Amino acid sequence: MCGIAGILGTNLKNGSTIQLMLEAQKHRGPDAMHFWNGGKVVLGHNRLSILDLSEAANQPMTSHCGNYVIVFNGEIYNYVELKKELASYSFSTTSDTEVLLAAYMHWDAKMLDKLNGMFSFAIWNKKEHTFFAARDRFGVKPFYYTFFENQFYFSSEIKALFAAGIPKSKNQKVWANYFTFGTYGLPNETFFEGVQQLKAGHFVKINFSDHGDFNRVQPQMWYDFPERILKMKQLPKEVLKQQYEELLEDAIQLRFRADVPLGMNVSGGLDSSTLINVVQRKLPSQKNMEAFTFYCNNATYDELPWVNELMRTTSYSLHKVLLEYKEIPALIEKVSYYQEEPFGGFPTLAYSLLFQAASQKGIKVILDGQGMDEAWAGYDYYHNKSNSVIQGVASSPVRPEVLVSEFRDLAMEEVYERPFDNDLQNLQYRDLFYTKIPRALRFNDRISMMHSTELREPFLDYRLVELAFAQKEEMKFKNGQTKWLLRDLVKDYLGDTVALAPKRALQTPQREWIAQELKPYFSEKIAQFSKMDFVDKKQVDAIWNDYLNGNQDNSFYLWQWVNFSTLSEF
């Protein structure tokens, strides 16, 4: 996992500009930093060495014929298998980057369907003066771009675009939606005006010789998830269990491929338990694994009893990372800088400490359990007819009444595609491509990369997601149990206590700490927020006082206010 950046244009200063862009995101790849200047295009790369640690695998990488140049962020997990299909190409490295480049040369854009991995990459064709860039199916790896002064800029982090001199201006509509509905923007949007994302499962191709206006560039979809699902069969229970188990084991084994030490984040839940169980059974004997979990010394929230019980079944070392309230202010400041946009609350801060601990122990690759709930319909609101996008909240998580009417009027409730004939799959689709997964992947990418560690999410292997998603509702929810088929599959390995345990949201004492130990810090930040010209100060003060007096069902709206205040400082 790395950082990529580039500029399409003929400004003579682009060579020095790309260096500023790479410097801004150097935490993504501290092992090497290089750029290539082709006159009409400049490509840059920050390298975090995971496969083939030699300098030969540095990027930008040029093909043997000298015509193609690539910068790539991510991992192609099935690169070994693809390399066999590309036997006619004379490989000079053992990296997945060279396999990706050879695959594009051989199959052009059609090679995207062959890739199993997380990726964003860009390739320049010198002879044809064409630029090609693509993003993986679910958008695990970021790709931001903008148009400025008749040039096209792209990067892995938004701060790299600002380092290039792109004007920094808030996207008022996205912010209004965030405060009004709790959403984080559509798949192509960011919280900054003029800065866009390449959508998950899309590519863009630019012909420089006749591009005209770069603003007319139109991304194209290469991964049509609904079409693939509608072609899949709903399987009988036993057949489904067998196929899913085989794919699950293969997905995890593919993610063992690395030339550096491996680790994993664990909690006491079903997903994490399933992951560590397969790792224990399938990890090659020559590889070791270390596990990380966080706790807050609060019995109401900590999962340590379940984690300790789980880890007793393995031989792996468990590193317990303590999150203390006194760390929160400094963590908010630090993590906000790397996130750039609004992010999850205290759990995200705690999660960042796991990557810090892993990095300090020399571990560069971490496995995680993200994605199972969306594929198997594991959230409560899938089954209680709620239209919520937040798990386990009884009251409204947002308080739009604090916005002045002119700003609130900018908010427009987002409309999501409904490509399926049932509410359950449409909700799952919303979470996979619009809400839950896009924001979680962005949070996780930033907190892993701020500590120069690579996060791998085997449950988001597209084969697993498609197979689970396509099944009928009774395979996902039955006898009051969510993720029913998955629970039935793993109970032989994990036992009923884990397999049948209800879902526990990853939590911290956020509500309590805000009202008590962190009251001075939050009071200061909320006072700062109340002075914004789009905010009604009296409403903010009234709601904050109401919270302090005991109305503490949720604290998401308070987090929003503090998050905004902190992000505005950068």
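This is a short talk on selected local features of one predicted model.

Some ground rules come before the details. The model is predicted, with local features needing pLDDT of at least 70 and side-chain atom pairs counting only at pLDDT 80 or more, while totals for chains, interfaces and linings use all residues. Residues are numbered from 1 along each chain as its sequence is written, and side-chain values use heavy atoms, with hydrogens and water left out.

I will start with Glu 157. Glu 157 sits in the loop between β9 (151-155) and α4 (158-163). Helices here are DSSP runs of H or I with at least four residues, strands are runs of E with at least two, and both are numbered from the N terminus. Is Glu 157 buried or exposed? Its relative accessibility is 1%, so Glu 157 counts as buried. For this term, buried means under 20% relative accessible area, exposed means over 50%, and partly exposed is in between, with a 1.4 Å probe and protein chains only.

The side chain of Glu 157 makes a polar contact of 2.9 Å with the side chain of Lys 159. A polar contact is a pair of N or O atoms within 3.5 Å; within protein, one must be able to donate a hydrogen and the other to accept it, and residues adjacent in sequence count only if both atoms are side-chain atoms. Leaving out residues up to four places away in sequence, Glu 157 touches Gln 25, His 27, Arg 28, Tyr 144, Tyr 338, Glu 340 and Arg 446. Contact means heavy atoms within 4.5 Å.

Two names on that list come up again. Glu 340 belongs to the loop between α10 (328-339) and α11 (346-360), and its relative accessibility of 10% makes it buried. Glu 340 has a positive phi of about 75° although it is not a glycine. Most residues other than glycine have a negative phi, and most peptide bonds are trans. Lys 483 also has a positive phi, of about 50°, and is not a glycine. Lys 483 lies in the loop between β19 (481-482) and α17 (484-494) and is buried at 2%. As for peptide bonds, the one from Gln 59 to Pro 60 is cis, with omega near 0°. Pro 60 is in the loop between β3 (41-47) and β4 (61-62).

The other name is His 27. Its backbone oxygen lies 2.7 Å from a polar atom of the Ser 452 side chain. Ser 452 is in the loop between α15 and β17 (454-456), and at 18% relative accessibility it counts as buried. Apart from neighbours within four places in sequence, Ser 452 is in contact with His 27, Pro 30 and Leu 48.

That brings us to α15 (residues 436-449), which packs against α14 (residues 423-433) at an angle of about 25°, with the axes 3 Å apart. Axes are lines fitted to C-alpha atoms, for helices over the stretch in contact, and angles run from 0 to 180 degrees between N-to-C directions. The two helices, α14 and α15, are therefore roughly parallel to each other. Asp 431, Leu 432 and Phe 433 of α14 meet Lys 436, Ile 437 and Pro 438 of α15 in this contact. Angles under 35 degrees count as roughly parallel, over 145 as roughly antiparallel, 65 to 115 as roughly perpendicular and the rest as oblique.

Last, the cysteines. Cys 2 is buried, at 6%, whereas Cys 65 is exposed, at 52%.
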